[in-house]
Number of protein chains: 2
Amino acid sequence: MPTLCDWLRIPSIGVDPAHHPDVRRSADWLATQLKQDGWPEVEVWDEGPALPAVFACWPAEDPDAPTVLVYGHHDVQPVDPVGKWEHPPFEPRVVGEEIRGRGASDDKGQVAMHLLAVKAHLAATKQSAPSVTLKLFVEGEEESGSPHFRKTLEDRGERLECDLVVFTDTALHERDAPTVNTGQRGVLGAEIVFEGGTEDVHSGRAGGAIPNPATALAKLIAALHDDDGRIQLPHFYDDVREPSAKEREDYGSLPFDERDWLKRNGGGAQKTHGEPGYTTYERLWVRPTAEVNGISGGYTGPGFKTIIPASATAKISFRLVPDQHPDRTTAQLRRFVEDHTPDGITATVTIRGEGVPPYAISPDDPANATVKKAVEMAFDQPVRFARAGGSGPAAVLQQKLGVPLVYLGATLPDDRVHAPNERVVVPLLLKGAEAAAHLWRMLAEAEIAKRVP
Amino acid sequence: MPTLCDWLRIPSIGVDPAHHPDVRRSADWLATQLKQDGWPEVEVWDEGPALPAVFACWPAEDPDAPTVLVYGHHDVQPVDPVGKWEHPPFEPRVVGEEIRGRGASDDKGQVAMHLLAVKAHLAATKQSAPSVTLKLFVEGEEESGSPHFRKTLEDRGERLECDLVVFTDTALHERDAPTVNTGQRGVLGAEIVFEGGTEDVHSGRAGGAIPNPATALAKLIAALHDDDGRIQLPHFYDDVREPSAKEREDYGSLPFDERDWLKRNGGGAQKTHGEPGYTTYERLWVRPTAEVNGISGGYTGPGFKTIIPASATAKISFRLVPDQHPDRTTAQLRRFVEDHTPDGITATVTIRGEGVPPYAISPDDPANATVKKAVEMAFDQPVRFARAGGSGPAAVLQQKLGVPLVYLGATLPDDRVHAPNERVVVPLLLKGAEAAAHLWRMLAEAEIAKRVP
């Protein structure tokens, strides 16, 4: 995929304003490529406030054919710690079966996979247009939490109208255990600041006689989970939908070796740990969590400084599952912080944007069954359903457009996305492209079959 | 005190190796000054590993007169945040009654006070030598926690032999409420590191399925105090000596206004807080504490990063009171950390040096009664006993030399020591010098009285 390498050379780091011109270049690059590939309608949406997105449409010849909207993103993660890369992150390399570079897997590689799928589909069907009307929507703010996504959907809803969304920003379970994803967790980020005073105080002078905000914040964090690891926000679990027996069975049949899983996912963790009564996959995919992402306060340099910190800060994120909602979790958290703020401490809670709602589609949904069949044909092996522990704008997209949303991805969990030395496995992208081509054909055939009296 | 200003121009910041030559210059300056003042024996102890200390001796004419050793230090605190100083910290200024500059109060000013006392004493008594044999020991590592203090006492014990130590590194309670200090808390600094893995992990990928070291550390910190604020290390309070009824009465009779105390000591804290059943002064002076001095882990920059931190670190210091000992507290802490380290977390506890033991002398000790009388004569008002919440090498000095140790200080708690714009109030130093001169005279008289059959 030499063209993918060209795209990967553009450092479209959306979270860094210095790279916003690169995000624009990246959108322009994609638009140019789509035009070269023959897409008749190509637009760069660059009116702000969102970073540039690319929209394209290729109508089917049959005006009654279904419309499929493929969602992906072209912005990429920052590259820190850059010293841990084996090569410059924006000078992609082909090493054996892999393409290495920032964005190779997340998400330029998967968008390129769909571009390739169109070519394969047209070649295989000897058509000059795809069997379904294809729409492509590639945003530039996914790694920033898609802050203007709702606004874009408001403004551009008509252009995005479709019968099915294919969301291409999730991975296969393993190379030897291909899966179809059926959901992503939501996420809510919060920063809690506990202020005791306006400046640090020498602990010989006031130690034992004024509140210590770091101690108070530790007590709040400690109270966030009970001894079993269950989250203690009141009513937190009220809306949690249990997975079906069939889903649990699918998850249970996926290969799992604790040591191997830890090695690939645990960042050096020594053992798994989590809510009793659930497997590791269930903890990751169908159970909500509250994680301290960062904590700071007082003197944190080398050596010692005997002070009482003026303030302490914790960044905490919640991963949410259907049918939880970030708004309700926000209210629960604010109440919890209020209840755990001792006298003499002032608490401030800052929520990151609106949060990302969770999304899941039933494995029994007809669209999902078709996706599974397409992936089985491409990979030539049995495919199970799984979910993703991460988050994305799927729920917002699905709710706004009011049609089913399915997932089609061909990357791997150990592609080192968001980390140094990101890579993508090219043979998997090719199979993913084949699966997409099958999917479009089958969706068109199913539509035609429906019309047969 | 123009000579004090000369001394304050030397930036003898002992904790900063770049300033070690200045610590040496500071010792040399003091030695030169002592010689000029007529002290017959002056030595700079500069053989390492301790930073240079100054020793001087001025024998009394009466070979049977008691020997008094005055302890102080000539190293000073760093000056950060330097931007908050109203003038360069090492360009001292005389403003009204004050001398302002780093070290003015802590502790060069108080050492200078004793030099002045000798001159006053000789002038008043018309003697060519002091009534008692005076020894002066001014170390250069106090602000570094006196790491080589024990070794110096081992090596130089004979030179330091005396009948009484006068420790001059504590303050009066208030300008209008002069006090004689009777003790300092000890201190034990510990750093606790909780490691879960070797690198931060994306929380979408492992959130809920591996241990979070920041959460685990928060639980440990939360468990350090019960809801009443009592410290939960097993046997922590076993050795705590309760103050006498007389001491509590003295502390209770000192002026205390919560708002005013917070304003001057609380760094902007909104209210006092501490162990039930004790006043603020008792919490500060006769009760031990455990304070989180700093906490850090994971992502602490602006915005959000949804990770599980690889590790989290807390710096915790304990202030200890007689008859606690840093060694016993260390053992209790190590055990406590062991008991609160969950599966999958590796804990490391690092102790700062050997810790500083607490020290207190009874208000009823005869030496202390004499100090009180000397201060009352100089200040011409009633003097009460108090203690200090901070720490110093008094206990080590007292134990090694095996003689009583009393305190004589004439600075103020709001001299902004360890902070920008440190100052000393000159009229108080002059009264302190007068008190010292009285003290020496009275000690000599008491010794002579003893000899009268």
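**Ground rules.** Residues count from 1 along each chain as its sequence is written, and chains are lettered from A and ligands numbered from 1 in the order in which they are written. The model is predicted, so I kept to its thresholds: local features need pLDDT of at least 70, side-chain atom pairs count only at pLDDT 80 or more, and totals for chains, interfaces and linings use all residues, while side-chain values use heavy atoms, with hydrogens and water left out.

I began with A:K151 and A:D155, whose side chains meet at 2.9 Å, N to O. The two sit four residues apart in helix α4 (residues 149-160) of chain A, so about one helical turn separates them. (Helices are DSSP runs of H or I, at least four residues, and strands are runs of E, at least two, numbered from the N terminus.) A:K151 is partly exposed at 42% relative accessibility, whereas A:D155 is exposed at 51%. My cut-offs there: buried is under 20% relative accessible area, exposed is over 50%, partly exposed is in between, with a 1.4 Å probe and protein chains only.

Next came B:E43 and B:R159, bridged at 2.2 Å, N to O. B:E43 is in strand β1 (residues 41-45) of chain B and B:R159 in helix α4 (residues 149-160) of chain B, so this pair ties together parts 116 residues apart in sequence. I have B:E43 as partly exposed at 24% and B:R159 as partly exposed at 30%.

I also noted a network of salt bridges in chain A, with A:E86, A:R100, A:D260 and A:R423 among its members.

**Sheets.** In chain B I found an open sheet of three strands, order β4-β5-β18, paired antiparallel; strands pair if DSSP finds at least two bridges between them. β4 (93-95) and β18 (423-425) stand at the edges with a single partner strand each, so one side of each has no neighbour in the sheet. Neighbouring strands are turned by 25° against each other on average, direction ignored. (Axes are lines fitted to C-alpha atoms, for helices over the stretch in contact, and angles run from 0 to 180 degrees between N-to-C directions.) β4(B) and β5 (residues 98-100) share three bridges, and B:R93 has B:R100 as its bridge partner.

Strand β8 (residues 179-184) pairs with β16(A) in the parallel sense over four bridges, with A:N181 partnered by A:A386.

**Chain A against chain B.** The contact, meaning heavy atoms within 4.5 Å, takes 82 residues from chain A and 82 residues from chain B. I wrote down a buried area of about 6100 Å², 52% of it from carbon and sulfur atoms; that is the accessible area (1.4 Å probe) that two parts lose on being put together, summed over both. On the chain A side, A:R205, A:I295 and A:F304 lose the most area to chain B, together 13% of what that side buries.

Two salt bridges cross this interface. B:D343 forms a salt bridge with A:K271, the closest N and O atoms being 3.3 Å apart. Strand β11 (residues 289-298) of chain A gives the largest share of the chain A side that touches chain B, nine residues.

How values were computed: A salt bridge is a side-chain nitrogen of Lys or Arg within 4 Å of a carboxyl oxygen of Asp or Glu.
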